[in-house]
Structures are given as C-alpha cells and as structure tokens.
Amino acid sequence: MRSSPFFGALEVLPHAIFLGCASMVSGLQHGTSTTKVIDLQYPHHKQAPDKILESLAETARSLGIESIDVYGDFEASPSESWLRKFESEVCSVFGKEDALFLPSGTMAQSIALKIHASRGNQVVEGNAFACHETSHLLLWEEESYEHLLNMDAFVVERHPDVSKEDAKNEENKHVHSLPMAFSDVHHMFELLREESGCEFVSETGLTTLILELPHRELGGKLTAWEDVEAIGELCRREGVAYHLDGARIFEAAAGYGKSLSEVVAPFDSVYISFYKGLGAISGAMLLGKKSFCEDARIWLGRFGGNLYSLLPYAVSCWGAFRKHVVECELREGMTFEDKFVKMRNIMSLLASDEVIAESIVFDPPVPQTSMIHFYFLASLDQCKNARDAVELELGVKVFSRIREVESSGSIGCKTEWAIGDSNGAISDEIFLEAWSAFARKLQALRKQDNDS
C-alpha cells in the first residue's frame, strides 16, 4: 500500500511549501541561467516560509482575530469566538445547520463514517460504507476504515450493461473510466437486498454511501447532476446516509454551474478542504445537522484532533475562504468559474494540435472542472527527457509531477493538472507552444528509441 497520495505535492499544493516565485512573462524565451522558469502545472503562487508566516499575521489582523482559540471553543458562540464565527460563515455559504473545523480531511471523513455507523436504524454486525473504486479512502489511507473504524468497504461497481461497454476498451481501461452513476448504486442496493433478504439496505450493514465531487482520480469528472439527486433520494428511502467527499467542492460547483449550497443540498454530511483549491496551509471542515456536528466534536477529541489551538491552520483557511469564496468578486484574481473557462479554452487549443493528439490522451476529453489528467503514449524516461528539453529551450516547465501507470497498451505514464491563480495568469498561447514543443520532442525521442 502506498504511503502518500500520488501528486501529494501537486494536489493543488498549499503555497506554504513552495520557495521562490515563478515569473510570468508575456512570451516564450530561450532558457538561460538568469531566466525564471514558467511553471505550467502549479496553480498557487509560491511563497517562502517566512513570507507565509508574515501573511498569516496580516490575515489575523484583517479578520479581527485578537485571541487564541482553545480546544475548539466548543462552548462559545460565534460572537464570542472567531473560530466559531468562521464555522458559522461557512455554514451560511453552504446552507447547512452547523460546521466543525478539523486539521485534516482524512480525519473528517473517518469521523463522518463513525457517526453515521452509530446512527443506523438497527444495530448490526460489520458496519460498512460504499464508495467508488477510486475513493481516497481506498487508495491512500492504508485501510484506516478497517483498522481504526472496524468497518468494511463496499465498492460501487459499474452496472453490468456499462461493464460490457468497458470491456471493449480493456487495453487502456484506466483511461476514460466513468464516475459513479445512479444505475450503479441502484444495482448494488438491489443485490444487497436480494442476498440478505432484508427489506431495507440499511439492515444489511451498509450505513453510508460516499460520493466524491468531482472524482479526482478520474481527472475531475462529475457525476451527472440528475444522478446526484436520484442517489440521494434512493439513500433516504433505504435508510443509508449520503456523504459528500467535497475535497474539491469549489471546482465541482463551477463545473455544474450551481451555487455551493445547491451542490451540497442532497447530502446528509459534507467534507470540504481548504488547502486544495483555496491554497491554505492545511485544514478541513465537516458540515451537516447540529446533532451531527455535536457528535463530530466528541469524535474530534477521540481522534486526537482537538488540539489546544488550531490558530495557524484556521487563520490560513478562513483567510483563503474569504479571499476565494466570500469576496472573490471584489478582488483581483480568478473565480472558480474563470478557472473552469480557462481550462476549457486551453484544452480546446491543445486538442486541435495533431502532434499533441498523437502523443497525449486527455481524461476527460473535454474538461468537466478546472482539472484534468494527461496520459502519455511514451515511457516515463521519454517524458522526463522531453520535458527537460523544453524547459532548457523555452524556459517553460510543462509538468513537475508524473508517474508510471499500469497498462497493457501504449500508455506509459500520467500527470495531473489544475488551474489556479498562478498558472491561470499564463497566456493560452504559452500553454499551446510549450505543450506542442513537448509533443514534438517526445515524438522524436520515441522514434529515436524505436530505431535504436
């Protein structure tokens, strides 16, 4: 089992871990020792650690924070505690009753599962949750649901009719995989009832269904909105809690063209992240009914997450939320809608280049959010060599993070790309010229290796 997420540093990295600042220029130049490299992949502006700490002090002053939170300020009201005021502000935007700030998303979702497992209609052995095969809980958390929560995971598999279509593309089946659909969930629920003889799915031991919006491991694909609502109605009928993995909820809302409150309305509980799309240092929040969040505060202590003070993390997150969500129309910079449009415009240009099309497979072919995955028809070494050649020649780095993928076909590796304020300020023409140069160098390297 892998110990950390692929693209952990790329995962719309918090600006806190970067050094230096990429220089944005109006055109491509031949790289020199004094030219700062234009980075097409990193979405957030880069800052040195001391500058980050200085900005935290300024953010605290601008938010009127004059005291330290203590053990979550659970007994205080929003008028008495800046941390509770932050939680209340997020509640207002998302239209939920209550919210709880936590240090990490992994902790947040584990707590949500634990609460829903204890609120079932009946006490059953082997409480379980269901999720897509690419869920973060299955890929990157070392089976914590089993070891810490004593729960089982049910994978929501493709409906049989859809699976037959998938089989036709077996060679590169990991590309263009589909997000969770209502037909998949409905079919799984039917099987659970048939196999158990139970009247309701909740009686089988399944307590929670998790839906990720967007599906990160699928290049930012979105479950069709009518399916999101239909799955919610089905879960309510069957007594199963409906939880949203909203690590990239801001990107999802822009992709749907809906408000944040509209996107989360069908769900019983919601997890959101502040360090991915918003660029804070680290931090997460759980949203739901008051009773849910009251239980979450108890479980936060049990998980060791109720620190004496969450000051630096919460200040960073509140500042990022204010900047990119509450006051986004009042500042210079991109909204998430702008980032989505930027991604679509760039991808339209790249898809029109024949050489790029011969070397790279885009997933999804047309972006559904402001993120996407690139699959390369080449080896890892070939891709790195072509990247380095472009950086040397043009002073532009097309990607930093890349990994090999298992494939019986011609795809050798992949990378992930998301738009933020930093790379979103780069002209579309620079993206096209750099990726076009990369594709041509990659094509030449492949030919050279094949001839040797």
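This is a predicted model: local features need pLDDT of at least 70, side-chain atom pairs count only at pLDDT 80 or more; totals for chains, interfaces and linings use all residues.
# Close-up views of the sheet, cores and a helix pair

View 1. Residues are numbered from 1 along each chain as its sequence is written, and side-chain values use heavy atoms, with hydrogens and water left out. Strands (E, at least two residues) and helices (H or I, at least four) are DSSP runs numbered from the N terminus.

**View 2. The seven-stranded open sheet.** The strand order is β2-β8-β7-β6-β5-β3-β4, with mixed pairing (two strands pair if DSSP finds at least two bridges between them). The edge strands, β2 (98–102) and β4 (152–155), each pair on one side only. β2 and β8 pair in the antiparallel sense over five bridges, and L286 in β8 is the bridge partner of L100. Three bridges join β3 (residues 128–131) to β5 (residues 206–212), and these two strands run parallel; F129 stands opposite T208 in β5.

**View 3. Helices on the sheet.** Helix α2 (residues 82–94) lies across β2, β7 (269–273) and β8 (284–288), at about 125° to β2 (axes are lines fitted to C-alpha atoms, for helices over the stretch in contact, and angles run from 0 to 180 degrees between N-to-C directions). Helix α11 (residues 290–302) touches β2, β7 and β8, and its direction makes about 20° with that of β2.

**View 4. The largest nonpolar core.** This core has 60 residues, and F86, F94, L209, L213 and F274 have the most contacts inside it (a nonpolar core is a set of buried Ala, Val, Leu, Ile, Met, Phe, Trp, Tyr and Cys residues joined through side-chain atoms within 4.5 Å). Its largest share, seven residues, comes from helix α12 (residues 311–326).

**View 5. The crossing of α9 and α13.** The axes of α9 (residues 249–256) and α13 (residues 336–351) come within 9 Å and cross at roughly 70°. α9 is therefore roughly perpendicular to α13 (65 to 115 degrees). F250, E251, A254 and G255 of α9 make the contact with F336, E337 and F340 of α13 (heavy atoms within 4.5 Å).

Conventions: Buried means under 20% relative accessible area, exposed over 50%, partly exposed in between (1.4 Å probe, protein chains only). Angles under 35 degrees count as roughly parallel, over 145 as roughly antiparallel, 65 to 115 as roughly perpendicular and the rest as oblique.
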